[in-house]
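Hi,

Here is the model I promised to pass on. Have a look first, and my notes on the charged side chains follow below.

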Amino acid sequence: MSPHDDTVDKLVIFLAKRDGIDKLVKTFQYVSKLVHYRAEPIHPDLARRAKLWEVASGLSRKAFRSGRFLSGFNALRRAPGPAPLSVFANAGEMVYFFFDHFLWLARAGVLDPSLATRFSFVSAFGESFGYVFFILLDLIAIRKGLFEQTRLISQKTDQEEAEKKEKAIRADRVMRLMGIAANLADLIIAIADIEPNPFCNHTITLGISGLVSAWAGWYRNWPA
C-alpha cells in the first residue's frame, strides 16, 4: 500500500495542520454541546461534564488561533490590486481573529470577564462580514468554472487535455461548495452572537451548524 493511501498517514498530516487540529476540536466542541442539551433533563452529571468539555474545547480553539489574524492582514498586504470582495472578506476575517484573542483572554479570566460580551460582538461582526464576501467569491468562482467547463465541452479540441481541465474544475467546485457550506454554518453561529434570536441561538441549530462547518473543514483539509 502506498503511504499516500494510508489513513493513519493522512490523519497525521491532517493533524499537523493548524486547521486540522481546529476542525477536530471544533467537532468535540459541538458534539459536547449537543450531548449537554440531550442529557441535561435526565443525566445532569453527564450534562455537566459535557458542558465542561464544550467550554474547554472552545477555549482551546481560541488558543490554537493565536496570530491567525495575520493571514488576513497578509492577504490584504499582498493583494495584487483593488478587488473589493477579496478586500472586504480578508478585512472581516482579520477583525474576527484579532478580537478573538481578547475574547479568549476575557473568558480565561486574564482580562475583565465583563468585557467578553463586547469582544464577542466585535469578533462575530467581523466574522459574519467576512463570511458574506467569502461566500460571494466562491459563488463567482463556481460560475466562472461552469462557463469554462461548458466551453471545454463545446470545443473538444484536445479531448484528453479537456478532460483533465474538466476534472480540475469539478474538484475545485466541490471544494468551493464545501467552503460555502462551512461559511453559511459559521455565519449562523456568528449571527447568534450579533443578533440573538430563537432560531440561531437554539442549541440544535448551533450544534448542527458547528458540525457542518467542522466536517466541511475536515473534507477540505484532508490530504488527497
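This is a predicted model: local features need pLDDT of at least 70, side-chain atom pairs count only at pLDDT 80 or more; totals for chains, interfaces and linings use all residues.

**Salt bridges and surroundings**

The structure holds 15 salt bridges, a salt bridge being a side-chain nitrogen of Lys or Arg within 4 Å of a carboxyl oxygen of Asp or Glu. Residues are numbered from 1 along each chain as its sequence is written, and side-chain values use heavy atoms, with hydrogens and water left out.

For orientation, the protein has 8 helices and 0 strands (DSSP runs, H or I of at least four residues for helices and E of at least two for strands, numbered from the N terminus). Of its 224 residues, 35% are buried (under 20% relative accessible area, with exposed over 50% and partly exposed in between, using a 1.4 Å probe and protein chains only).

Now to the pairs. Glu54 bridges to Lys33, with the closest N and O atoms 2.9 Å apart. Glu54 sits in helix α3 and Lys33 in helix α2, so this pair ties together parts that are 21 residues apart in sequence. Leaving aside residues up to four places away in sequence, Lys33 touches Glu54, Thr203, Leu206 and Gly207 (contact means heavy atoms within 4.5 Å).

Glu54 has another salt bridge, to Lys51, at 3.4 Å between the closest N and O atoms. Here both residues lie in helix α3, 3 residues apart, about one turn of the helix. Lys51 is partly exposed, at 34% relative accessibility.

Then there's Asp22 with Arg65, where the closest N and O atoms are 3.7 Å apart. Asp22 is in helix α2 and Arg65 in the loop between α3 (44-64) and α4 (69-77), so the pair ties together parts 43 residues apart in sequence. Asp22 is buried, with a relative accessible area of 5%, and Arg65 is buried with 5%. Both belong to a network of salt bridges that links Asp22, Lys23, Arg61, Lys62, Arg65 and Asp100.

Cheers
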